[in-house]
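Please examine the sequence and the three-dimensional structure shown here. The explanation below is intended to be read alongside them.

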Amino acid sequence: MASSKLTFTSKLPNAKTTIFTTVGNLARKNNAVDLSQGFPNFEVDQKLRELVTDAMENGHNQYASMQGYYGLREVISEKIEAIHNKLYNPETEITVTVGATQAIFTAITAFVNIGDEVIVFKPAYDCYEPAIELNGGTPICVQLDANGYKVDWKVFKNKITKKTRMVIINTPHNPSGRIFSKDDMLRLQEILRPTNCIIISDEVYEHIIFDENEHYSASRFEDLSQRSFVCASFGKTFHVTGWKIGYCAAPADLMQEFRKTHQFAVFCVDHPVQRSMAAYLVNEENYFGLPLFYQKKRDLFIEGLKDTRFKLKPSDGTYFQLLDYTDITEETDEDFAKRLIVDYKLASIPISSFNVGNRQDGVLRFCFAKKNETLEEALDILRTL
Ligand SMILES: Cc1ncc(COP(=O)(O)O)c(C=O)c1O
């Protein structure tokens, strides 16, 4: 058959297949131990699966309300109030979304106009910039130093112009595993106070935080909360990334505008899954146990690397560990990651593609949200290097 003669102009001419897909495919082809993508390889709580089945059996199989099943929004509101002492009205200030990705995409689409600037901290999770560009905005990048991945707030302040419409923050941060301290949040609040900037606060790893550290949600700070979409992911919190369910919380006027886009993009989210989340979320043990659960995995992983030539970057949260490999090789992270998969059968993520200009930090990202036996297998390989 002749190929199509249709012509079109790509709205994302520079977008390539993501590094996750490229690495994932290579890992599968080589049957590698896979610590690349950020999802667990252990099973979901049986109770949660039963709750979805119950919801289906009980007839919740048609559209849920556009903003999300009210019972779920109510428990989300109670949870945020209990943890962060901030009350969001479930009627007007919380919307259930198809994962955090859709919340982020929708907030950008609803507010970013042609010519607007959006500040993004790099290395950054890869869904932010394409969404900004699709809406005619310009990502303005603040590259974090590889020595700690901490924000220099003076550099950030200098990036703000009259065109700055939005700032995207992510704490705990993927891929570095660093977190914003209370002081960071206060600095951000002071800098943005005189501006008209909206914030997307990507907090998908809110419950994965270690060593007695605290998660400082944007919702805890009065001025920040007045300008923020706080985005969360049940996929990350309950080991169900494939269910693609999350939510965002924001002041009513911002949320009203958000919903104008949301209703035409997705209308509503999987109904039985929402019902299951509403029931499961009531028991706080289902998420308060998470820091310890993942800290044990992090510690198993870093303990096992003790006598290797890898240097560990601090991981305060998320389920990622960055390893500096510069004592082993001078290869680029993409070359080294590829060689690890093909020759050693271990997959990780090279993070240069998340840096400005593909800056080489000499580090690879490993996901430790895996069964202990998978982590042991990976350690056996890493110890040979
Ligand atoms: C920082 C960050 N934000 C957002 C997401 C997407 O979350 P969801 O799967 O709920 O769309 C991820 C997933 O890896 C992430 O790491």
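The following paragraphs treat the ligand and its surroundings, then a sheet, and finally some details of the backbone. The model is a predicted one.

The residues around the ligand are Gly99, Ala100, Thr101, Tyr125, Asn170, Asn174, Asp202, Val204, Tyr205, Ser233, Lys236 and Lys244. Which helix gives the most to the shell around the ligand? That element is helix H4, formed by residues 99-111, which supplies three residues.

Individual atoms may now be considered. The side chain of Asn174 has an N or O atom 2.8 Å from an oxygen atom of the ligand. For Asp202, an N or O atom of the side chain is 2.6 Å from a nitrogen atom of the ligand. Tyr205 also takes part: one of its polar side-chain atoms lies 2.7 Å from an oxygen atom of the ligand. Taken alone, the ligand exposes 390 Å², and the protein buries 93% of that area.

A sheet elsewhere in the sequence deserves attention next. In general, strands of a sheet pair through backbone hydrogen bonds, and the pairing may be parallel or antiparallel. Here four strands form an open sheet in the order E9-E10-E13-E12, with antiparallel pairing. Strand E9 (311-312) and strand E12 (349-350) are the edge strands, since each of them pairs on one side only. How many bridges join strand E10 to strand E13? Five bridges link strand E10, residues 320-324, to strand E13, residues 363-367, and the two strands run antiparallel. As an example of such a pair, Gln321 has Phe366 in E13 as its bridge partner.

The backbone itself contains several details for the reader to locate. As a rule, most residues other than glycine have a negative phi, and most peptide bonds are trans. Against this background, the peptide bond between Thr171 and Pro172 is cis, with omega of about -15°. Another cis peptide bond joins Asn174 to Pro175, and its omega is about 15°. Where in the chain is Pro172 found? Pro172 belongs to the loop between strand E5 (164-170) and helix H7 (182-192), and Pro175 is likewise in the loop between E5 and H7.

Although Glu212 is not a glycine, its phi is positive, at about 65°. Glu212 is found in the loop between strand E6 (198-202) and helix H8 (222-225).

Methods:
Residues numbered from 1 in each chain as written. Predicted model: local features only at pLDDT ≥ 70, side-chain atom pairs only at ≥ 80, totals over all residues. Heavy atoms only, no water. Near = heavy atom within 4 Å. Polar contact = N/O pair within 3.5 Å; in protein donor to acceptor, adjacent residues only side chain to side chain. Areas by Shrake-Rupley, 256 points an atom, 1.4 Å probe, with all protein chains shown as cover. Pairing = 2+ DSSP bridges.
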